[in-house]
There are 2 protein chains.
Amino acid sequence: MVKKKDLSTEEKILVAAKKVFVENGLSGARMQDIADKAEINKALLHYYFKSKEKLFEVIFKEATAKLFPKINTIFSSDIPLFDKIRQFTHDYVEIVIENPYLPLFVLNEINKQPHAFSQKLFGNDQPPVHKLSAQIEKEIKKGLIKPISPAHLIINMLSMCVFPFVGKPMIQLVMNIDEIQFRNMMEQRKTMIADFIIASIKK
Amino acid sequence: MVKKKDLSTEEKILVAAKKVFVENGLSGARMQDIADKAEINKALLHYYFKSKEKLFEVIFKEATAKLFPKINTIFSSDIPLFDKIRQFTHDYVEIVIENPYLPLFVLNEINKQPHAFSQKLFGNDQPPVHKLSAQIEKEIKKGLIKPISPAHLIINMLSMCVFPFVGKPMIQLVMNIDEIQFRNMMEQRKTMIADFIIASIKK
DNA sequence: ATATAATTTAACCAAATGGTTAACAAAAGT
DNA sequence: ACTTTTGTTAACCATTTGGTTAAATTATAT
């Protein structure tokens, strides 16, 4: 457990802000709440980060920086399809296990301002789905996997990786499981998702 | 297109409130905004629904009433497993296509207050997963499908049904598709998800 | 030591926000 | 006709909230 006393004021603010923003969203977060959690005066927040929006942007960028580059890298890497599926699902679930509240937070904000976000995340580059899509198409043509729309396959994969975290409280409710059981299940999903997908598409 | 003039004041409020709450969440929604959209005075909101929270609760209940009872019914119905999977995924995707913004809205609020929500939704009854779980276990023992944890299978199914809507703007961004293309894909998923699952688990 | 820059705080402010009040209008009972 | 209930509004209020200011304290450089 890291004690806040060991951190610089700026770090303390970031730790506190992350928690408050992720729990409450942009509009639900209170600057006073962040200040209290960071054990500083509210004016200091504005001294370090000019406004609520500016502070939020820092937190949000940190969050997306964790969640997106990995997709990019693996999607466009040069390994065989099944390996790619195994690696992506494993690594992605691992990332999200370490940051279980980020997906819902990020998805919310993308929903609220898709345009602003698109530019920020991808700039002028094309998102990296095409390479993976092409790879899937090629495997189908070669007769190595069953026919399936690449878009759907990718959506399925992403869904099974991310959704359990977005729907965590609901899943815990419906399935009546506690934190530890949930965590264990997510650990299992690191390999289970790939097995499930590959079983479905391999000939 | 239904004109608001034809609706009673209460209905006008509900229509407006649903839109504002679903778009902005509880904390992000403004009572004035709802009043404006319903073309009434703000005080009337408090005349019909005592407070913001009360109004929210009505909207929220309406939303969950759409999303949850279906799960219940199908999960505990007495049809063969594959039929059940086909029916659930089809019906559920259909419901969510008609209400694409409800899942994110509902998941957010469950996240913010899981306890209050649990009681409201299920009361004292057990959630209805057990029957489906048992059915899956039985099929595995009979050797009709490959071994898989029922919990994971159910989570996978739910993920593929719901996530595309929760992550809609992100998916549109990453895959570079417009509203119509997205809608078409979701239509396809009514049958595709079941095919995908069954292909994975059948022997 | 002294001047300069970086941190930190208490007090304050304007705008936004949920909610109330009192008066008025329309509808429904009698 | 008139009394009561229901529906509607403008004006107002208290609180919350993001943000500012000016002064004080601490660290840093000269």
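1. Twelve residues, written 12 in the count, line the largest cavity; Val174(A), Phe68(B), Ile71(B), Phe75(B) and Leu158(B) lie nearest its centre. A cavity here is a set of points on a 1 Å grid over the protein atoms alone where a 1.4 Å probe fits but cannot get out, and lining residues have an atom within 4 Å of a point. The model is predicted: local features need pLDDT of at least 70 and side-chain atom pairs pLDDT 80 or more, while totals for chains, interfaces and linings use all residues. Residues are numbered from 1 along each chain as written, chains are lettered from A and ligands numbered from 1 in written order, and side-chain values use heavy atoms, without hydrogens or water.

2. The volume of this largest cavity is about 120 Å³. Volume means the space filled by probe spheres set on the points, with grid points joined across faces, edges and corners. Helix H11 (168-175) of chain A, with helix H5 (69-75) and helix H10 (150-166) of chain B, each give two or more residues to the lining. Helices are DSSP runs (H or I, at least four residues), numbered from the N terminus. The lining has 11 nonpolar residues, one polar and no charged. Nonpolar covers Ala, Val, Leu, Ile, Met, Phe, Trp, Tyr, Cys and Pro; charged covers Asp, Glu, Lys and Arg; the others, Gly among them, are polar.

3. The count is six cavities of 30 Å³ or more. H7(A) gives the most, with three residues. By class the lining is 11 nonpolar, no polar and no charged.

4. Now the interface. Contacts (heavy atoms within 4.5 Å) link 51 residues of chain B with 51 residues of chain A. The buried area is about 4500 Å², and carbon and sulfur atoms give 75% of it. Buried area is the accessible area (1.4 Å probe) lost on putting the two parts together, summed over both. Zero salt bridges are found across this interface.

5. The side of chain B that touches chain A draws its largest share, 13 residues, from H10(B). By class that side has 33 nonpolar, 14 polar and four charged residues.

6. The largest pocket holds about 1000 Å³ of space. A pocket is an open set with protein on both sides within 12 Å along at least five of seven lines. Its lining counts 43 residues, with Asn108(A), Leu104(B), Phe105(B), Asn108(B) and Glu109(B) nearest the centre. H1(B) gives the most, 10 residues. The lining splits into 16 nonpolar, 15 polar and 12 charged.

7. Over all chains the structure holds 22 salt bridges (a side-chain nitrogen of Lys or Arg within 4 Å of a carboxyl oxygen of Asp or Glu). One of them joins the side chains of Glu94(A) and Lys190(A), at 3.2 Å, N to O. Glu94(A) sits in helix H6 (residues 81-98) of chain A and Lys190(A) in helix H12 (residues 179-201) of chain A, so this pair ties together parts 96 residues apart in sequence.
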